[in-house]
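Reader: Hey, could you walk me through this one? I'm new to reading structures.

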Amino acid sequence: MPWMETSETGSAPPVDGAQDSEHLSPLHPEVFRFSADMYIRRNALTISTGDHAIHTLALPSSGHPMRVLAAEDNPVFQSMLRTMLTKWGYQAVIARNGTEAWRVLESEDAPRLAVLDWMMPGMDGVEICRRIRSANREPYIYILLLTARTESQDLIEGMDAGADDYLTKPFNAHELRVRLHAGRRILDLQEELLKAREALREQATHDGLTGLLNRTTILEKLDDELSRAARAGTPVSVLMTDLDRFKSINDTCGHLAGDAVLREAARRLKSAARRYDSVGRYGGEEFLVVLPGCDASDAALQAERMREAIGGTPFLLASQPISVTASLGVACVSHCTPEALVREADDALYEAKAQGRNRVVVHAAAYSHAACSTP
Ligand code: GH3
Ligand code: MG
Ligand code: MG
Ligand code: MG
């Protein structure tokens, strides 16, 4: 005895004669035969499936139902897909033709799972697959193609165009459900991979203690900015920032307290920076700030702001205020290598230390050099 199920409300009575699939004629005027074990009646939209199924809710890690695009031009199939997807715990997004489907899939927040009819007005499912794959976007969209075609050449065309899986019509509801489930597993795995890749990228480019860019990355950033500045004929400045007598904080308050000071100093430097500046941890208690578009006097002002950000307000260590200051050396583009510019900033920093610390010194060359004109 097939299991009867009503779609939208779950309470509508079974369609006459639909209780037993054996008794249904595919030619029955009100019943559209869709698969060996599924029938829908145009008015009552009742689905009969061949056996009981365990329906797990399709909840991704966010806790919201997973959205699935169902692109189908036949209104009967549309409602049927909507009903099944909803029942399986998905949020169905319906497109009535290929153009609508493409609009949904190219949007920023596109569903990651798509069931596309092959034959649709506007744009067919295979063309949509091709477009999605050539856009090479992330996150990945898993595509299940619905097709009435059974020739293996047709299926090869669909898979070649970028479909992940296909179902031939008429298809079995359970088969669609488990294939969607398989698609979700692939998407989940892909999400884990993306997260792992992102975490590795973060680890490789950022400093673990302060969260700032690490030495390699801030130097790469400087290299990029210098190349850009050379093309645009604009200046680049750098600030080498060093905490004053930091060793004595370690010696008197301990290394953990020293770490806390480094984190807070990094936070203050970052908040004093402009949006397009980059701040990195260059060494132990040394920070490198890259200021694109800043000439020497802009950079001197910015350096003064950063000195004030560190020294202007005491740091709190276990609720005890301690005074921390920083010295800064400023250099403005004069050489085209990051190393040369950093060396000038370092020399200026050395001079700031020599003059008594807690101050900004601009390298003598910074005001006289023109912006780089050769890469
Ligand atoms: P100056 O004003 O001349 O810069 O004096 P300073 O004490 O700041 O400079 P010095 O180079 O003598 O000491 C820097 C200290 O920074 C020594 C080192 O142990 C400490 N340091 C480097 N990295 C870390 C870190 O990640 N955590 C902690 N707590 N200390 C660090
Ligand atoms: Mg169609
Ligand atoms: Mg120091
Ligand atoms: Mg130092």
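**Helices, sheet and ligand**

Author: Helices (H or I, at least four residues) and strands (E, at least two) are DSSP runs, numbered from the N terminus. This is a predicted model, where local features need pLDDT of at least 70, side-chain atom pairs count only at pLDDT 80 or more, and totals for chains, interfaces and linings use all residues. Residues are numbered from 1 along each chain as its sequence is written, while chains are lettered from A and ligands numbered from 1 in the order in which they are written.

Reader: OK, which residues of α2 and α3 make the contact?

Author: From α2 there are G98, A101, W102 and L105, and from α3 there are E127, I128, R131 and I132. Contact here is C-beta atoms, placed from the backbone, within 7 Å.

Reader: And how do those divide into nonpolar, polar and charged?

Author: Five are nonpolar, one is polar and two are charged. Ala, Val, Leu, Ile, Met, Phe, Trp, Tyr, Cys and Pro count as nonpolar, Asp, Glu, Lys and Arg as charged, and the others, Gly among them, as polar.

Reader: New topic: in what order do the strands of the open sheet go?

Author: Five strands go β6-β5-β7-β8-β9, with parallel pairing (two strands pair if DSSP finds at least two bridges between them). β6 (91-95) and β9 (165-168) are the edge strands, each pairing on one side only.

Reader: How many bridges join β5 to β7?

Author: Four, between β5 (residues 67-71) and β7 (residues 113-117). For example, A70 has V115 of β7 as its bridge partner.

Reader: Which strands does α2 touch?

Author: α2 packs on the sheet against β5, β6 and β7, and its direction makes about 160° with that of β5. Axes are lines fitted to C-alpha atoms, for helices over the stretch in contact, and angles run from 0 to 180 degrees between N-to-C directions. Helix α5 (residues 173-205) packs on the sheet too, touching β5, β7, β8 (142-147) and β9.

Methods
Two residues are in contact if their C-beta atoms, placed from the backbone, lie within 7 Å.
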